[in-house]
Amino acid sequence: MTTAPPTGILATLVDEARLQTERRRAVRPPAELAARAAAAPAPRDFIAALRAPGLGVIAELKPRSPSKGPLTQDYRPAELARAYAAGGAAALSVLTHEAGFGGTPEHLAAARAEVDIPVLRKDFVVDEYQITEARAFGADALLLIVAALPAARLAELVVATRELGMEPLVEVRDEVEVDIALDAGATAIGVNHRDLRDFRIDRTLSARLRERIGADRTGTGPVMVGESGVRGADDARALERAGVNAVLVGELLMRAEHPGAVIKELIG
């Protein structure tokens, strides 16, 4: 099974991630980064956090998005991380893509230092350097996107992620991508309700793909995360009924005056 090369905004974001990686590689050589990764605090268990009873919330930190522009005028990752954790978030997701989202790996480190829950690096990962960098800055998990990678490359990056003690959240959009993720050994699968080709949202995708991914809620099969498009508690309940273990929520929290209270409502 294969996927077509990324097109549209996804291709742009991937290209920008490559450029960002090359700039950072020139400043911090791989050997230096590997030493920092080896000295980083032990990874926290991302899968266990998502398998906990009830609906989990992966609370996302990002100063802007390519489709909506700035989400805050005063981005403070450390303060947000504390508020999200106090609200009951199961894990954090920190955008580290600079050109599209205004993020950096340093934001990830700042957030992780404030909480005791797992932290996911969310970026467009295509290179082992990014994986080592994630661990060096404290990530416990990272996002891998099926549509951004050839199937064989995805499998290599899944292995590379686990070699550093982290867990990949493998993002899919349809049945073919689910099969590719499973073949690559994914144990955490994120269903992105947003089509990165045109930014349309389809909240029915999680329900459609649950059976294909395999049963959970009993601790068997991959954990499933519903990503994008959660507007409030009603959407969260619908996704919980569809069988997701957790929802990944960004814009709703970034625009909220009291994000911790919103997380409590989503958890129910």
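1. Two strands are said to pair if DSSP finds at least two bridges between them. Strands (E, at least two residues) and helices (H or I, at least four) are DSSP runs, numbered from the N terminus. In this structure, L144 has V170 in β7 as its bridge partner.

2. The structure is a predicted model, in which local features need pLDDT of at least 70 and side-chain atom pairs count only at pLDDT 80 or more, while totals for chains, interfaces and linings use all residues. Residues are numbered from 1 along each chain as its sequence is written, and side-chain values use heavy atoms, with hydrogens and water left out.

3. Strand β4 (residues 91-95) and β5 run parallel and are joined by 4 bridges. S93 counts as buried because its relative accessibility is 0%; buried means under 20% relative accessible area, exposed over 50%, and partly exposed in between (1.4 Å probe, protein chains only). The side chain of S93 also makes a polar contact of 2.8 Å with that of E60. A polar contact is a pair of N or O atoms within 3.5 Å; within protein, one must be able to donate a hydrogen and the other to accept it, and residues adjacent in sequence count only if both atoms are side-chain atoms.

4. Strand β5 (residues 119-122) is covered on both faces: V119 and R121 lie on one side, L120 and K122 on the other, and all are buried. β5 also pairs with strand β6 (residues 141-145) in the parallel sense, over 2 bridges. Here R121 stands opposite L142 in β6. With helix α7 (residues 128-136), β5 and β6 make a right-handed β-α-β unit. A crossover is right-handed if, with the strands pointing away from the viewer, the path from the first strand over the helix to the second runs clockwise.

5. How much of β7 is buried? The count is 6 of the 6 residues, so β7 is largely enclosed by the rest of the structure. E167, L169 and E171 point one way from the strand, and P168, V170 and V172 the other way.

6. β7 has parallel partners in β6, to which it is joined by 5 bridges, and in strand β8 (residues 188-192), with which it pairs over 3 bridges. V170 has I189 as its bridge partner in β8. Two right-handed β-α-β units involve β7: β6, helix α8 (residues 151-163) and β7 make one, and β7, α9 and β8 make another.

7. The largest pocket has a volume of about 490 Å³. Of its 30 lining residues, K62, R194, S228, G229 and E251 are the closest to its centre. On a 1 Å grid over the protein atoms alone, a pocket is an open set of points with protein on both sides within 12 Å along at least five of seven lines, and lining residues have an atom within 4 Å of a point. Grid points are joined across faces, edges and corners, and a volume is the space filled by probe spheres set on the points.

8. The second largest pocket has a volume of about 390 Å³. Among its 19 lining residues, the closest to its centre are L10, A147, R173, E177 and R197. β7 (167-172) and α9 (175-183) are the elements that give two or more residues to this lining.

Methods:
1 Å grid on protein atoms, 1.4 Å probe; cavity = no way out; pocket = protein on both sides within 12 Å on 5 of 7 lines; lining within 4 Å.
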